[in-house]
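Open the model in your viewer and keep the selection tool ready. We will go from the whole chain to single residues.

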Amino acid sequence: MKEKTLRVGLIGCGMITQRSHAPGFAKIPDLQIAALCDPVPDRMVAVRDAHAPDAALFESYEELLASGLVDAVTVATPVYLHGPVTIAALKAGCHVLCEKPMAMSRAEAVEMVDAARTAGKVLQINLSRRYDPFYQMIAQLIAEGRIGEPRHIRASRVHTTAPDQGWSPGARWFVTKAQGGGIVGDIGVHVGDMMQWYMGPVESVSAHTATIRPDIDVVDNATALFRFRGGATGVLELSWTSPVNRMCFEIQGTEGLLLATTQNEPVRILRRDGTTEEYGPEQFPQGVRNSFECFADAIRGIAPSPAPGEIGLSIQAVLDAILESGAEGGAPVRV
């Protein structure tokens with residue numbers, strides 16, 4: 001029997017949707033991008049012309065939700081709209097794929113999870129690194145015991161600019177506090193989510209934060225110390241003012257040290273016995289389904305979502321703790 005066509009609406013047609021959401025959904029069989037919503041008409045037209053020739057256009061999400069044209073929506077708006085739009089969509093009977101970070105606060109994220117449970121609909125958070133073979137390779141090696149019991153993780157991700165001056169020119173909401181901007185939510189959500197995936201839930205956070213760029217009111221540099229519930233420790237380093245772009249993971253276990261930098265280089269394990277193991281990109285997991293495919297699978301009951309609202313809520317609590325501790329001069333904050 002032919003699968004029923006899944007009708008999806010894209011709310012927010014800026015660079016995030018143009019680069020990932022629209023092309024991602026356009027490749028899925030028996031799925032139609034049926035509606036687009038954005039207050040800037042030109043952005044909708046760009047997405048429609050490239051990926052969704054039959055999509056209806058709406059300037060307000062309320063009109064889209066009332067149209068009855070969609071079974072599910074994606075929410076790729078500035079963060080301050082994630083909660084209100086997601087909850088409205090769930091109440092309207094739609095499944096929701098919400099961009100990260102999930103919400104403005106843990107309390108708002110709880111409301112979103114509760115709304116999904118009440119509606120009986122899928123709420124997935126677009127934590128895109130969970131679908132990357134590079135990060136999955138790291139998780140696989142840890143799960144296989146290649147470094148023994150993980151005891152400490154150091155994760156660093158630094159950039160030369162914020163998104164408004166980099167990959168999304170002019171998108172000032174990334175650097176506006178009232179709209180949910182800042183490096184902790186933009187980048188810390190990805191790296192922190194990976195740290196919890198590899199090490200388990202965070203128990204407490206001590207952080208120092210700073211705003212170095214003079215024309216913004218959000219944190220653009222952060223260093224956080226984590227205590228994980230299982231007793232392991234961690235360090236998270238974030239910057240939008242680095243002289244170079246760089247990412248690295250160092251994970252210490254009882255039997256070895258895992259080193260990982262970029263998707264194009266091998267993941268290395270330095271073992272206690274002096275030997276070295278390398279796992280190149282050709283050994284990373286193959287055929288990994290992306291976030292959009294997994295969202296469609298979850299709606300159709302094929303497989304549960306790898307990043308449900310509860311996962312988004314868990315990392316949102318960590319992000320809140322980093323900012324709270326930073327504002328209090330590094331005082332420990334329980335998650």
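Buried means under 20% relative accessible area, exposed means over 50%, and partly exposed lies in between (1.4 Å probe, protein chains only). This is a predicted model: local features need pLDDT of at least 70, side-chain atom pairs count only at pLDDT 80 or more, and totals for chains, interfaces and linings use all residues. Residues are numbered from 1 along each chain as its sequence is written, and side-chain values use heavy atoms, with hydrogens and water left out.

**Whole chain**

Switch to cartoon view. The protein chain holds nine helices and 15 strands. Both are DSSP runs, numbered from the N terminus: helices are H or I with at least four residues, strands are E with at least two. The radius of gyration is 20 Å, close to the 20 Å of the globule rule for 335 residues, so the chain is as compact as a globular protein of that length. That radius is taken over C-alpha atoms, and the rule is 2.2 Å times the number of residues to the power 0.38. Along the principal axes, the C-alpha atoms fill a box of roughly 60 × 50 × 40 Å.

**Stop one: helix α4**

Select residues 82-91. This is helix α4, and seven of its ten residues are buried. Which residues of α4 are buried? They are His82, Gly83, Val85, Thr86, Ile87, Ala89 and Leu90. Now show what they pack against: β1 (6-11), α3 (61-66), β4 (72-75), β5 (95-98), α5 (106-119) and β6 (123-125). Then click on Gly93, which follows α4 and has a positive phi, near 90°.

**Stop two: Ala298**

Jump to helix α8, residues 291-299, and pick Ala298. Is Ala298 buried or exposed? Ala298 is buried, with a relative accessible area of 14%. Leaving out residues up to four places away in sequence, Ala298 touches Val122, Ala303, Pro304 and Ser305. Contact here means heavy atoms within 4.5 Å. Next, draw a distance from Ala298 to Gly68: their C-alpha atoms are separated by 21 Å, and they sit 230 residues apart along the chain.

**Stop three: helix α9**

Select residues 309-327. The 19 residues of helix α9 should span 27 Å at 1.5 Å a residue, and the end C-alpha atoms are 27 Å apart, which agrees. The expected span is 1.5 Å times one less than the number of residues. Colour the buried residues of α9, including Leu313, Ile315, Val318, Leu319 and Ile322.
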